[in-house]
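Work through the following exercises with the sequence and the model side by side. Try each task yourself before you read its solution.

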Amino acid sequence: MPSRDFKRTDRIGAELRRELGMLVHAAVRDHGLPSVSVSDVEITRDLDWATVWVTALVPEQGLPAVKALNQLGPELRHALARSGMRMRRVPELKFKYDDSVDKGERIDQLLREQARDLAPNDDDSRD
């Protein structure tokens, strides 16, 4: 019997990511929150909890945005239930900041600095 490529929680997580992306975008606009976007959604096996990972355009604004989104969590959960998702029970939402983009940019910056420091200097080659 062939194995399944995707678990049910993966499929539901992808659908929640799409729906929450639109809802978070609207919440940012309506509530004046810092600009954030949904990067991933992880759901527990029993579908009771969903961890929503968000990234911010300005890293310093990420944690205040996450705090505000956690306060708006029940409202967003209710909006998910009304959005037409065919789920018997919409999971509780827990927002967390995804710093992987920030870490990637920092690594990229360090690599560029290292490459610049290791590059032969044009003035030294003329001596």
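A charge sits over a ring if NZ of Lys or CZ of Arg is within 6 Å of the ring centre and within 35 degrees of the ring normal. The model is a predicted one, in which local features need pLDDT of at least 70 and side-chain atom pairs count only at pLDDT 80 or more, while totals for chains, interfaces and linings use all residues. Residues are numbered from 1 along each chain as its sequence is written, and side-chain values use heavy atoms, with hydrogens and water left out.

**Exercise 1. Rings and charges**

Task: Find which residue lies over the face of Trp49, and at what distance from the ring centre; then state how many aromatic pairs are counted.

Solution: Begin with Trp49, where Lys94 lies over the face of the ring, at 5.7 Å from its centre. Next apply the rule for pairs, by which rings of Phe, Tyr and Trp (its six-membered ring) pair if their centres lie within 6.5 Å, with planes under 30 degrees apart counted as stacked, over 60 as edge-to-face and the rest as tilted. By this rule the count of aromatic pairs is zero.

**Exercise 2. The order of the elements**

**Exercise 3. The strands**

Task: Describe how strand 2 pairs with strand 1 and with strand 3, and trace the crossover through helix 2.

Solution: Two strands pair if DSSP finds at least two bridges between them. Strand 1 and strand 2 meet this condition with seven bridges in the antiparallel sense; in this pairing Asp40 has Trp53 as its bridge partner, and Ile43 has Ala50. The two strands form a hairpin with five residues between them, and in its turn Leu47 has a positive phi of about 65° although it is not a glycine. Leu47 is also buried, because its relative accessible area is 14%.

The chain goes from strand 2 through helix 2 to strand 3 in a right-handed β-α-β crossover, a term which applies if, with the strands pointing away from the viewer, the path from the first strand over the helix to the second runs clockwise. Finally, six of the eight residues of strand 2 are buried, so this strand is largely enclosed by the rest of the structure.

**Exercise 4. Helix 2**

Task: Locate the kink in helix 2, and say which elements its buried residues pack against.

Solution: Helix 2 covers residues 62–82 and has a kink of about 55° at Gly73, shortly before the proline Pro74; the bend at a residue is the angle between axes fitted to the seven residues ending there and the seven starting there. The buried residues of helix 2, among them Leu69, Leu72 and Gly73, pack against helix 1 (8–31), strand 1 (36–43), strand 2 (49–56) and strand 3 (92–97). Just after the helix, Gly84 takes a positive phi of about 100°.

**Exercise 5. Ser35 and Thr55**

Task: Decide whether Ser35 and Thr55 are buried, partly exposed or exposed, and find how far apart their C-alpha atoms are.

Solution: Ser35 lies in the loop between helix 1 and strand 1 and is partly exposed, because its relative accessible area is 34%. Thr55 belongs to strand 2 and is buried, because its value is 13%. Although these residues are 20 residues apart along the chain, their C-alpha atoms are separated by 8.6 Å. Contact means heavy atoms within 4.5 Å, and, leaving aside neighbours within four places in sequence, the contacts of Thr55 include Ser35, Val36 and Tyr97.

Key:
Helix = DSSP H or I, 4+ residues; strand = E, 2+ residues; numbered from the N terminus. Buried < 20%, exposed > 50% of the residue type's maximum accessible area, 1.4 Å probe, protein only.
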